[in-house]
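Please look over the sequence and the structure shown here before reading on. The report is meant for a reader who meets them for the first time.

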Amino acid sequence: MDNNREHWGSKIGFILAAAGSAIGLGNIWRFPYLVGENGGAAFIILYLLCVVLVGLPLVIAEILIGRTAQKNPVGSFRELSNHNPFWVGVGVLGVLTGLMILSYYNVVAGWSLGYVVESARGSFQHIGDPEKAGILFDQLSASWTWSLFFSACFMMFTIGIIYFGVIQGIEKASKIMLPILFLLIILLVIRGVTLEGARAGICYLTKPDFSAINGKTALLAFGQVFFSLSLGMGALLTYGSYMTKNEKIVSSAVSVVVLNTSVSLLAGFMIFPPLLALGMKPAQGPSLIFNILPVMFNSIPGGYFFRIIFFLLLSMAALTSTISLLEVITAFVVDEFRLSRKKASVILGGIVFLLGVPSALSAGRLENFTILKLTFFQLVDFISANIFLPLGGIFIALFVGWFWGMKKAIPNLLEGSVALPGFIVTIWSILIRFVAPVLILLIFLNSLGII
Ligand code: PHE
C-alpha cells in the first residue's frame, strides 16, 4: 500500500464522509420535487427498488476499485486495467463529470447560502403567496452580484476544507456537520408532521398510486439514484482510495446507502405535510424549495427561525457534497501531476468557480442564450447528471463484472471482511454483472428515444 497516501482516521470517517457526499441538494431539493411531480408514494417505491437493484451494488463496486488501487479515478482505472487507454478514458470522464457537476451545483449551493442570509434579514416575512416569492427568487438569482457573491463564498468554504486534507479537512468537517444535519432535519420533520392538517401530506407519501408510473418516471427515478448516491463519477472511488484494506466495504456501503435514503425520505416528511396542510400543490418542479418554502414558513408558528434552520440545513448538506466533488479533481491533479494539495485545491476551486459563471448567469443575463432549447445551466445539468453519470455507472459495472473480473474483484472485496456470507457475494456478482448493466442500458436508450 502507498504509505504516503493519507487514510481515514477512523472507520466511521469513511462512512460519514461518503454519506456526506451522497446527502445533499439531491435529497432536499431534487428528491421532493421529483416525488411531487411523479406520483408521490409510487415514485418512492420505484426509487427504492432502483437503489437496491442498481445503486447499492454499484456503490460497492466503485468503493472496491478505489480501495484496491489506492488512487484517483484515472490512476485507479489505469492500474487495474494495465494501462488500457479505454478504461483510462473512463477515469477521465469521471473527473470531467465532477468538474461539470461542481460548476453548477456550487451555484445552487450559493443560492441556499444566500437564502440563509435573506431569511435572517427577514426578506420573506411579509410575502403571502408563492408567486411573489417566485418573483423575489427570480430577482435574486438574476442579480449577478448576489448570485456570484454567494457562490464565491460557497466555493471558498469548499476549498477551505479540501485544503486541509483527508483527516483534518474532509473527515473533521463531516464529523461535525453530519450529526447537526440529522438533528436539524428531525427538528423540521417534527415541526411539519405536528401541524394541523399534516395528515394529507403523510397519506400522499405513504399511499401509492401506480398509475403515475411509466417509462419517464422510471428514468427519473434512475437518474435520481445516481445523482443522489454520488455514483458514476469517481467520488466514492476517491473516498474509497483513502480506506485501508482492513475496513469492511459491504457494510460501509450499506450504511452510506441507508443514511442517504433515510434523509431523502425524511426530506419528504419535512416538506409535504406542511405543504398540503396549507393547501399548496405538491407538483411545483425545481422551484419548490425557493418559491414555496419561504412562504410556507410564514404560516407556521416559529416560522422565522425554522426558515433559517431549513436553509442552513440545505447549505450544510450541499457543502458536504461539494467537498467530495472538489476532492475528486484535486486528488487527480495531486496524484497525476505531483502538485501540492494546498495549491491544487485553491487553483482548481478558482477554475471551477469561473466555469460556473455562465450557469449562474443563466438565471439572468444569459437567460435567452440557449443550446438545444436548454439554458447553459440546464444543459450542463442534463449532460452530466442524466448522461455522464449513468454512462459512468455502466462502465463501472462492466469493468468490475467483466474486464477486471470477479476472480480478482471478490478476493479484494473480502479483504477486511472475511466473514461476509457467500450468498451476499453471489447476489452482488449477479447484480453487478447482469442486472445493473442491462437495466441502465435499457433506461439509457429509452431516455435517448432509441427504444
Ligand atoms: N449526491 C449529491 C447530492 O445528492 C450530489 C453529487 C453528485 C455529489 C455526484 C457528488 C457527486 O446532492
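## Overall form

This is a predicted model, and its chain is made up of 18 helices and 2 strands. The radius of gyration is 21 Å, close to the 22 Å that the globule rule gives for 451 residues, so the chain is as compact as a globular protein of that length. Along its principal axes the C-alpha trace spans about 60 × 50 × 45 Å.

Of the 451 residues, 59% count as buried, while the accessible surface of the chain comes to about 17600 Å², with 69% of that area belonging to carbon and sulfur atoms. Among contacts with a separation of 6 or more, 82% are between residues 24 or more positions apart.

In soluble globular proteins, nonpolar side chains tend to be buried together. In this chain the largest nonpolar core has 159 residues, and those with the most contacts inside it are Met-270, Phe-290, Phe-310 and Trp-428. Helix 14 gives the most to this core, contributing 19 residues.

## Salt bridges

The chain has 7 salt bridges. One of them joins the side chains of Arg-5 and Asp-335, at 3.4 Å from N to O; Arg-5 lies in the segment before helix 1 (11-22) and Asp-335 in helix 14, so the pair ties together parts that are 330 residues apart in sequence. Arg-5 is buried, with a relative accessible area of 10%.

A second pair is formed by Arg-341 and Glu-327, whose side chains meet at 2.9 Å, N to O. Arg-341 lies in helix 15 and Glu-327 in helix 14, so this pair links parts that are 14 residues apart in sequence. Both partners count as buried, Arg-341 at 19% relative accessibility and Glu-327 at 0%. In the salt bridge of Lys-132 with Asp-129, the closest N and O atoms are 3.4 Å apart; here Lys-132 is exposed, with a relative accessible area of 52%, and Asp-129 is partly exposed at 28%.

## A surface patch and a strand residue

Leu-339, Ile-347, Ile-351 and Leu-355 form a nonpolar patch on the surface, with about 310 Å² of accessible area together. Leu-339 lies in the loop between helix 14 (303-337) and helix 15 (341-361), and counts as partly exposed at 30% relative accessibility.

Thr-375 lies in strand 2 (residues 374-375) and is buried, with a relative accessible area of 13%. Leaving aside neighbours within four places in sequence, Thr-375 is in contact with Ser-362, Glu-367, Phe-369 and Thr-370.

Key:
Residues are numbered from 1 along each chain as its sequence is written. This is a predicted model: local features need pLDDT of at least 70, side-chain atom pairs count only at pLDDT 80 or more; totals for chains, interfaces and linings use all residues. Side-chain values use heavy atoms; hydrogens and water are left out. Patches are made of residues with over 30% relative accessible area and no salt bridge: like charges are joined within 9 Å, nonpolar side chains (Val, Leu, Ile, Met, Phe, Trp, Tyr) within 5 Å. Accessible areas come from the Shrake-Rupley method with a 1.4 Å probe; for residues, only the protein chains shown count as cover. A salt bridge is a side-chain nitrogen of Lys or Arg within 4 Å of a carboxyl oxygen of Asp or Glu. Helices (H or I, at least four residues) and strands (E, at least two) are DSSP runs, numbered from the N terminus. Buried means under 20% relative accessible area, exposed over 50%, partly exposed in between (1.4 Å probe, protein chains only). The radius of gyration is taken over C-alpha atoms; the globule rule is 2.2 Å times the number of residues to the power 0.38. Contact means heavy atoms within 4.5 Å. A nonpolar core is a set of buried Ala, Val, Leu, Ile, Met, Phe, Trp, Tyr and Cys residues joined through side-chain atoms within 4.5 Å.
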